[in-house]
Amino acid sequence: MIPGPNLVQHPGRCPASPAGRLPSLWRRLRTTVRVVREQPDWAAFAGSGWPDRIMAEAVTDRFHAKQGRSIGRWTLEASGRTLTVYLKRHYKLPFWPGVWATLFPGRAWSPGLEEWDHLEWVRSQGIPAPRAVAAGQFVGPGCRLQGFLAVEELTDMLPIHQAVPLAHATLPADQFLTWKRGLTAEMARLAREFHRRNAFHKDLYFCHFYIPEALCREVPDGWANRVFVIDLHRLGRHRLGAAWFLVKDLAQLLYSSAVAGVTARDRVRFWKLYRRGWPGRPPGAWLRGLIRLKWKLYRRHNARRPSLPPARSDA
């Protein structure tokens, strides 16, 4: 990577270069401009000069790579403290985002910076989500574009598609029923909080909701702020076509609910709770038919992919 000027963006601050202004377009074509956002504690863990190394750091724990991108678990230590993050890196991004990033380098054109913005917005709305601790994009030379995002790990937490079967196997039947009703109400609330703001996850599967593993062994007093939403890189806000994205989100949730312990009655309860809490007029009941139609399309499509588990028949 060719070192270049940094446009450092701390949370809530505007970008600034060392000279107090953006490098010229000619310079951006010849060198690398780095747009970096970081939380105040990040540099203590990552060390000085970390933007020079971030794309080449050896991250091997739970590492996965494909199609010019990778993700891995990275544990850092500083002053007796430990910070564990998932580091997402994009080494080769499409041509046109690189063009726009060259012309307007202070904006988020890489998936990492976009997800940082999404996480910050979701958390500002009171929706529990992981903390983004650092993100950046590297623009140039030419129209080359790379980027990264470091997200703090949700330690000792499980995705819902693992948590529900575990609670089903652990708790007595009457306690599990109470447990499941509380979780259903909270998931309905979170989905509604997104959708009433015309915000859509676009990957609203069970595996993108997390709860503390300890809650799988007891019935909590309440579920507020105990269910976290992850993987917000596709989040979008839409007024036009909002009904379509709502149908897609809820059909994804319906499809992924095919896990041990979830019944058709639970899905009906979710729909009632989702509609009941809307401020003003709730989404029309006619959407339920479209959601089921989209769910059937998901089942038909994924049935052709043997690597995925078949959907249960009691949906």
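At what angle do the axes of helix α8 and helix α10 cross? Before the answer, a word on what you are looking at. This is a predicted model, in which local features need pLDDT of at least 70 and side-chain atom pairs count only at pLDDT 80 or more, while totals for chains, interfaces and linings use all residues. Residues are numbered from 1 along each chain as its sequence is written, and side-chain values use heavy atoms, with hydrogens and water left out.

Let's start with the chain as a whole. You will find 10 helices and 12 strands in the chain; these are DSSP runs numbered from the N terminus, with helices being H or I of at least four residues and strands E of at least two. Of its 315 residues, 49% count as buried, meaning under 20% relative accessible area, with exposed being over 50% and partly exposed in between (1.4 Å probe, protein chains only). Among contacts (heavy atoms within 4.5 Å) with a separation of 6 or more, 69% join residues 24 or more positions apart.

Now back to the helices. The axes of α8 (residues 242-256) and α10 (residues 287-303) cross at roughly 55 degrees and come within 8 Å. Axes here are lines fitted to C-alpha atoms, for helices over the stretch in contact, and angles run from 0 to 180 degrees between N-to-C directions. The pair is therefore oblique, since angles under 35 degrees count as roughly parallel, over 145 as roughly antiparallel, 65 to 115 as roughly perpendicular and the rest as oblique. Residues in this contact include Trp244 and Leu250 of α8, and Ile291 and Trp295 of α10. By class, the contact of α8 with α10 holds 13 nonpolar, 2 polar and 3 charged residues. Here Ala, Val, Leu, Ile, Met, Phe, Trp, Tyr, Cys and Pro count as nonpolar, Asp, Glu, Lys and Arg as charged, and the others, Gly among them, as polar.

A second pair to look at is α7 (residues 173-195) with α9 (residues 264-276), whose axes lie 9 Å apart at an angle of about 45 degrees. These two helices are therefore oblique as well. Among the residues that meet are Met187 and Arg192 of α7, and Phe270 and Tyr274 of α9. The contact of α7 with α9 divides into 7 nonpolar, 2 polar and 5 charged residues.

Finally, the cysteines. The structure has 0 disulfides, a disulfide being a pair of cysteine sulfur atoms within 2.5 Å. Cys216 is buried because its relative accessible area is 0%, whereas Cys207, at 30%, counts as partly exposed.
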